[in-house]
Amino acid sequence: TTGGGATSGVPGDGAESDKGSVVMTADQEMEAMTGIAPSKYGTPLDLCRHYALTLGARCALSLYLDFVPTLAVSHAVKLPLKLQGSEGRLAGQLTQGEQLLQRDVLGTGLLPRLVMSTGVVDFGDRVVPRDQSKRVPLSAELNFTNSGTAGVTWLLDDSVLREATGDLVAEDGMPVAPIFFISPKSGDLAPGETTILRVTFSPQDSMEYESRIPLYLEDQEDKSRPYLNLSLRGCGVFPRLDFSTREVVLQTVPLSTKTRGFLTIFNNGYDELTLSHRVPVTSPVKIEAEYPDGNTLGVTMKQLRVVLSFRGEAPVSFHTTLELVDSEGNSYGISVLGATDNCALTSYTFLQRYASRFGYYTRDGKPVQFVGKGHIAAFERAELREKEKARRARAAARALEKGEAEPQQRGGGGRGRGVSG
């Protein structure tokens, strides 16, 4: 889609310095150099499917079309170019200039004489042990099949693999093994015959690796370029820990109510690693950490959970950092946020979610409390016991007062009769 007009910066897409100069993002730099931008402003170029091409007066734009067929059939598509504003109009409603952009793109996918089961062998992320004696090559397999009616002789030029390591030697003085190794490197295939190739990947550092190996046929006419290319990819990573989150936000709760949150730690490459934790002395609350799955990661324990909790007796809002420490001395900061308060507005989400499990409890002369239904029942039983105890105490006091009053009445009546006699 073509469009006119110059592009201008939008707040938030670039950073503006104190002197007024604008620091452009990578996508904005690409747009400034090529005049090509996403048709929907703000869409990243790597995710964009529709672009706006800006052409100046009497300017030309050269385009490259990549044709990568996946099936051995003929293909015909329309070149997807439109003038801005013509979207949605039928072919008969287009102007002459718009019709000139409606070009056919034709192509035919041919079945190669040598068919590879995959053109890309991707090992993904692979752990590189820091101890070189524990580094073991990783392997994968692919197939070459002769799809033609005549025999074929093939050859892989792996010189690019040898150039990657050159004359490097390991700590023990031995030559460094190539990052990628493939075998066999050549062969003959009868019609319909298949052979298996084995590829190994031996990363030596935490980095991405990629090689492109050209494949030639013995009887191909033009040997200035390969008949096919085989791509090898992989990424070496040192042992590490991954976290489901680095920030745990605890539920805001009323006072004296325990709130919990958890995170999951994933083991990538460690044979055995023990975890512990530290809470900074400046933390306004006491954070507790529990390990329901144990605190040791290893070959058989690829992940474990850490449950964080706290209980506050006074209103507080905090943001602190819990340090997870492994047995190798590495520390990982986990942000912990939370709050506790008896204000119904502050704890509204908790009150709404757990209304069936909690309730309000009050006593004469005491503040209203929001506690669990079990605590309310216990408080009410205790209150009944206290009331019964108080009733018995009052009854005993009345009985005692009555017992003291009767002798006095009997004694006073006798003296009166004596005087009268």
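**View 1. An open, mixed sheet of 5 strands has the order β8-β15-β14-β10-β12.** The edges are formed by β8 (120–127) and β12 (186–189), each of which has a single partner strand, so one side of each lacks a neighbour in the sheet. From one strand to the next, the twist averages 20°; axes are lines fitted to C-alpha atoms, and angles run from 0 to 180 degrees between N-to-C directions. Strands are DSSP runs of E of at least two residues, numbered from the N terminus, and two of them pair if DSSP finds at least two bridges between them. The model is predicted: local features need pLDDT of at least 70, side-chain atom pairs count only at pLDDT 80 or more, and totals for chains, interfaces and linings use all residues. Residues are numbered from 1 along each chain as its sequence is written, and side-chain values use heavy atoms, without hydrogens and water.

**View 2. Strands β8 and β15 (residues 228–237) run parallel and are joined by 6 bridges.** Within β15, V237 stands opposite V127.

**View 3. The second largest pocket has a volume of about 760 Å³.** Its lining comprises 18 residues, of which V68, P69, L110, P112 and L228 are the closest to the centre. Two or more lining residues come from each of β7 (114–116) and β15; the most, 3 residues, are given by β15. By class, the lining has 11 nonpolar, 6 polar and 1 charged residues (nonpolar: Ala, Val, Leu, Ile, Met, Phe, Trp, Tyr, Cys and Pro; charged: Asp, Glu, Lys and Arg; polar: the others, Gly among them). A pocket is an open set of points on a 1 Å grid over the protein atoms alone, where a 1.4 Å probe fits, with protein on both sides within 12 Å along at least five of seven lines; lining residues have an atom within 4 Å of a point. Grid points are joined across faces, edges and corners, and the volume is the space filled by probe spheres set on them.

**View 4. F123 and F180 form a tilted aromatic pair, with ring centres 6.3 Å apart and planes at 35°.** Rings of Phe, Tyr and Trp (its six-membered ring) pair if their centres lie within 6.5 Å; planes under 30 degrees apart count as stacked, over 60 as edge-to-face and the rest as tilted. Because F123 belongs to β8 and F180 to β11 (residues 180–183), the pair ties together parts 57 residues apart in sequence. Both residues are buried (under 20% relative accessible area; exposed is over 50%, partly exposed in between, with a 1.4 Å probe and protein chains only). Ring pairs link F123, F180, F201 and Y209 into a cluster.

**View 5. F350 and Y354 form a tilted aromatic pair, 4.9 Å centre to centre with 40° between the planes.** F350 is buried at 4% relative accessibility, whereas Y354 is partly exposed at 24%.

Conventions
Helices (H or I, at least four residues) and strands (E, at least two) are DSSP runs, numbered from the N terminus.
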